[in-house]
Amino acid sequence: MMTQTPFTIGLDVFAPGTRGSVALPVSALPDHTRVNLSIEVVHGKRAGPTMFVSAAVHGDEVIGVEIVRRLLRAPQLDKLRGTLVVVPIVNSFGFLARSRYLPDRRDLNRCFPGSTKGSLGSRLAFIFLNDVVLRCDFGIDLHSAAVHRTNLPQIRVTPGDSTTAKMARAFGAPVILTSPLRAGSLRGEAAARGTPVLLYEAGEGLRFDEFAVRAGVAGILRVMRDQGMLGAKGIARARAPSLVCRASQWLRAPSGGLLRTFRAEGDVVGEGDLLATVSDPAGDTETDLLAPGPGILIGRAVLPVVNEGDAVFHLAELHPKADEDTLDALTAQLGDDPLFDEDEII
């Protein structure tokens, strides 16, 4: 057994087999209330990888916050090998304001690598990247759709990256989507610095979704098992392999009006299938939205009022083809998993 050494973050030092909280100073609000980057550290007795899990890079993406809350209560962490670094809320400013953005309307996930002298977002990005992300061997960043949209639980991986592809298969989300890196994003900057980051997308902004939360907690534990941080006890492998999607497109409202949807996220559709109808308020005109080709719906709008051109359905191309039983198997497994009790929903 390899000897574990103390783990230092900020001014705090964690001995092997201990856990606790760290507060890294970020800034002060206009009333001089201090704002910190709050971090939870679980430092195992035995040596192993260092992994981070982060949530609420976008302040309104509260599903990730609930996922990490449950993760930190998982009994498997008592036998952790290595170190788990958890940031429940990266963007406290947006979280408190129930907003996706920072106070100056910047998107934190376009501010990386950040700097010590830039905007508020740039300074926060610099602290998070250097004091947390780059201290770790790999990580998982938790996201949801924006307000008034919802996502099927899915993992985003970088094209040609075998490391995140392996992690994604271990995670066991219903869908794995190949997604190019974006300039200024956490995933892109971390990859450039040699730290693989898995991105989990699920549910809706400012809302909890029990299926999305369960899929997130189970997936993180599976990755930790696959990386040798946890044993197999109490962590079941996914009953079915994830559906792999190599490309996707947003299908948009053909006109403005009232949206009636006939399909939901997770539905496998064929070319020409009726997905939704947009009607004027009086019901005099109706325009259908049809699937332009086969695929799986991995996201959709939930607001019934649309303007012409609004994104309505996110359709992903399946590769090589759909397994009709995959989603049913994964849904049933999450419902049966003994790790989760109904009193853990809130």
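This is a predicted model: local features need pLDDT of at least 70, side-chain atom pairs count only at pLDDT 80 or more; totals for chains, interfaces and linings use all residues.
Two packed helices are described by the angle between their axes and the distance between the axes. Here, H4 covers residues 162–171 and H6 covers residues 210–226; their axes come within 7 Å and cross at roughly 125°. Angles over 145 degrees would count as roughly antiparallel, and 65 to 115 as roughly perpendicular. H4 and H6 are therefore oblique to each other.

Now look at the residues where the two helices touch. From H4, the contact involves Lys166, Met167, Ala170 and Phe171. On the H6 side, they meet Ala215, Gly216, Gly219, Ile220, Arg222, Val223 and Asp226. Sorted by class, the contact of H4 with H6 has six nonpolar, two polar and three charged residues.

Next, let's turn to a sheet. Four strands form an open sheet in the order E15-E14-E12-E17, and their pairing is antiparallel. Strands E15 (286–290) and E17 (305–306) stand at the edges with a single partner strand each, so one side of each has no neighbour in the sheet. The partner of E15 is strand E14, residues 274–279: the two run antiparallel and are joined by five bridges.

Our last stop is helix H1, residues 63–72. How many of its ten residues are buried? The count is nine, and H1 is thus mostly covered. Among the buried residues are Ile63, Val65, Ile67 and Leu71, and also Glu66 and Arg70.

How values were computed:
Residues are numbered from 1 along each chain as its sequence is written. Side-chain values use heavy atoms; hydrogens and water are left out. Axes are lines fitted to C-alpha atoms, for helices over the stretch in contact, and angles run from 0 to 180 degrees between N-to-C directions. Angles under 35 degrees count as roughly parallel, over 145 as roughly antiparallel, 65 to 115 as roughly perpendicular and the rest as oblique. Contact means heavy atoms within 4.5 Å. Ala, Val, Leu, Ile, Met, Phe, Trp, Tyr, Cys and Pro count as nonpolar, Asp, Glu, Lys and Arg as charged, and the others, Gly among them, as polar. Two strands pair if DSSP finds at least two bridges between them. Buried means under 20% relative accessible area, exposed over 50%, partly exposed in between (1.4 Å probe, protein chains only).
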